[in-house]
Amino acid sequence: KPEDFPELAADVFKPMDGGIALSADEIKGRNTWNLWTGGNEQFWDRMSRESFGLMDLLKTIDSRKRSQRFQEMGLINQPGYRQASKPDEYGLWIDEAVEPESKEIDPKVFGRPTGIMGFRLFPNPDFNEEAKKKWDAQRYYNDADYAVSRDLVRPYRVGVSCGSCHIAFNPLNPPADVVNPRWENLSSAIGNQYIREGRTFAHNVKEGGLF
């Protein structure tokens, strides 16, 4: 129901867009634009299982590639996060928080950060005890046949907000380091002209493949 997904009224992205003053509705709009996936994490999870290896956003967000994300995929790293120092409880490499997101952002509604602007992480409700027994992170990353199985249930689903394709560097205040931008270096609506859709959304395709 609509009341289960309340708009976020706190101005959690205030340093963005040159620090411009926004009305209450504009703040809610920017929050929605940057954070809200509309439930599409279910679509992307299904595609990871039914695309025969074409795409898998959980691999796209692999933290070990944080320093190469912008160069290879044109993705904008989220300020306040860094490359993971170790895999998480499921053996997956997810960016670690240096400066965690605002507590005002409800992870039940918006997911939690992946370390990439516009890409949000949600627990997979289908990852039950049976799925946990079959899960092997090492094989997931290294065994293509295992990873593309349509029966493989992943621990997380990755959702994509509008901001994934629109948040980019503010041309009036670009970052000194594209790998580690600050909030004031980002604009939420300018459009990310750097994003390479094929490399981002068809991460598993190799040279000579469909893309």
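The entries below go from the whole chain to single residues and pairs.

**Entry 1: the whole chain.** I noted at the outset that this is a predicted model. Counting the secondary structure, I found ten helices and seven strands in the protein chain. I then looked up the radius of gyration, which is 17 Å, close to the 17 Å that the globule rule gives for 211 residues, so the chain is as compact as a globular protein of that length. Along the principal axes, the C-alpha atoms fill a box of roughly 50 × 40 × 30 Å. I also checked how much of the chain is covered, and buried residues make up 46% of the 211 residues.

Entry 2: My next topic was charge pairing, since side chains of opposite charge can pair when their charged atoms come close. How many salt bridges does the structure hold? I found 17 salt bridges in the structure, and I looked at some of them one by one.

I began with Glu 50 and Arg 46, whose side chains meet in a salt bridge at 3.2 Å, N to O. Both residues lie in helix H2, which covers residues 41-50, and they are four residues apart, about one turn of the helix. Glu 50 has a relative accessibility of 30% and therefore counts as partly exposed, and Arg 46, with a relative accessible area of 49%, is partly exposed as well.

I then turned to helix H6 (residues 129-134), where Glu 130 and Lys 134 are separated by about one helical turn because they are four residues apart. These two residues form a salt bridge, with the closest N and O atoms 3.4 Å apart. Are they buried or exposed? Both Glu 130 and Lys 134 are exposed.

Entry 3: I looked up Glu 101 next, and it forms a salt bridge with Arg 120, in which the closest N and O atoms are 2.7 Å apart. This pair links distant parts of the chain, 19 residues apart, with Glu 101 in the loop between strand E2 (96-97) and helix H5 (107-110) and Arg 120 in strand E4 (residues 119-123). I checked the cover on both partners and found that Glu 101 and Arg 120 are buried.

Which residues are linked in a network of salt bridges? I wrote down Asp 45, Arg 49, Asp 126 and Arg 157 as the members of that network.

**Entry 4: a patch of positive charge.** On the surface I found a patch of positive charge, where Lys 65, Arg 196, Arg 199 and Lys 206 gather. Taking Lys 65 from this group, I placed it in the loop between helix H3 (57-60) and helix H4 (69-73). The relative accessibility of Lys 65 is 36%, and it therefore counts as partly exposed.

**Entry 5: a backbone angle.** Most residues other than glycine have a negative phi, and most peptide bonds are trans. Asp 17 lies in the segment before helix H1 (24-35).

Phe 201 lies in helix H10 (residues 197-201) and is buried, with a relative accessible area of 13%. The C-alpha atoms of Phe 201 and Thr 60 are separated by 7.7 Å, although the two residues are 141 residues apart along the chain.

Val 158 lies in strand E5 (residues 156-160), and with a relative accessible area of 4% this residue is buried.

Asn 128 has its place in the loop between E4 and H6 and is partly exposed, with a relative accessible area of 42%. From Asn 128 to Leu 57 I noted 71 residues in sequence and 20 Å in space, C-alpha to C-alpha.

Note on methods:
Residues numbered from 1 in each chain as written. Predicted model: local features only at pLDDT ≥ 70, side-chain atom pairs only at ≥ 80, totals over all residues. Heavy atoms only, no water. Patch = residues over 30% accessible without salt bridge, like charges linked within 9 Å, V, L, I, M, F, W, Y side chains within 5 Å. Areas by Shrake-Rupley, 256 points an atom, 1.4 Å probe, with all protein chains shown as cover. Salt bridge = Lys/Arg side-chain N within 4 Å of Asp/Glu carboxyl O. Lys, Arg positive; Asp, Glu negative; His and termini not counted. Charge placed at Lys NZ, Arg CZ, Asp CG, Glu CD. Helix = DSSP H or I, 4+ residues; strand = E, 2+ residues; numbered from the N terminus. Buried < 20%, exposed > 50% of the residue type's maximum accessible area, 1.4 Å probe, protein only. Rg over C-alpha atoms; globule rule 2.2 N^0.38 Å.
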